[in-house]
Amino acid sequence: GSTVARLRITAPYGSNIIQLRPLLSWQPVQGATSYRIRILGNVAWSTVTTQPQLFYPKNQPPLNSGSAYRVIVSAYQG
């Protein structure tokens, strides 16, 4: 089975970003062993990490100023 819990993204905070390679962070979910992060917009990027934060990588195209993005973080256990 699966459990749905609300994940709260803590950075970037708000609707505007200053850095084109921002720090992405979220409140950890108790029992989570990994997180999948996806950014959708004029880029389609995804990765998995065990930490509740990471920098948008330098080997990916930078985000564009003035563009809209959706950041999706999913927590997994096991």
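A: Let's start with a definition: a residue is buried under 20% relative accessible area, exposed over 50% and partly exposed in between, using a 1.4 Å probe and protein chains only. This is a predicted model, where local features need pLDDT of at least 70, side-chain atom pairs count only at pLDDT 80 or more, and totals for chains, interfaces and linings use all residues. Residues are numbered from 1 along each chain as its sequence is written, and side-chain values use heavy atoms, leaving out hydrogens and water.

Q: Okay, what does Thr 47 count as: buried, partly exposed or exposed?
A: Thr 47 has 26% relative accessibility, so it counts as partly exposed. You'll find Thr 47 in strand 4.

Q: How many helices and strands does the protein have?
A: Both are DSSP runs numbered from the N terminus: helices are H or I with at least four residues, strands are E with at least two. Here you get zero helices and six strands. Reading from the N terminus, the elements go β-β-β-β-β-β.

Q: Over how many bridges do strand 3 and strand 4 pair?
A: Six bridges join strand 3 (residues 34-40) to strand 4, in the antiparallel sense.

Q: What is Thr 47 in contact with, leaving aside its neighbours within four places in sequence?
A: Contact means heavy atoms within 4.5 Å. By that rule, Thr 47 is in contact with Tyr 35, Arg 36, Ile 37 and Leu 54. Take Arg 36: it is eleven residues from Thr 47 along the chain, and their C-alpha atoms are separated by 5.7 Å.

Q: Which residue in strand 5 is the bridge partner of Ser 25?
A: Gln 53. Ser 25 lies in strand 2 and also has Ala 11 standing opposite. Not counting residues up to four places away in sequence, Ser 25 touches Ile 9, Thr 10, Ala 11, Pro 52 and Gln 53. With 9% relative accessibility, Ser 25 counts as buried. Another bridge partner in strand 5 is Phe 55, across from Leu 23.

Q: How many aromatic pairs does the structure hold?
A: Rings of Phe, Tyr and Trp (its six-membered ring) pair if their centres lie within 6.5 Å; planes under 30 degrees apart count as stacked, over 60 as edge-to-face and the rest as tilted. The structure holds two such pairs. One of them joins Trp 45 and Tyr 56 edge-to-face, at 5.2 Å centre to centre and 70 degrees between the planes. Trp 45 is in strand 4 and Tyr 56 in the loop between strand 5 and strand 6, so the pair ties together parts that are eleven residues apart in sequence. Trp 45 is buried at 8% relative accessibility, and Tyr 56 is buried at 2%.

Q: Is Gly 78 buried or exposed?
A: Gly 78 is exposed, with a relative accessible area of 92%. Gly 78 sits in the segment after strand 6. From Gly 78 to Thr 33 the C-alpha distance is 6.0 Å, although the two are 45 residues apart in sequence.

Q: And what percentage of the 78 residues of the protein count as buried?
A: 22% of them. The protein exposes about 5,700 Å², with carbon and sulfur atoms supplying 49% of it (areas come from the Shrake-Rupley method with a 1.4 Å probe; for residues, only the protein chains shown count as cover). Of the contacts between residues at least 6 apart in sequence, 55% join residues at least 24 apart.

Technical notes
Pairing = 2+ DSSP bridges.
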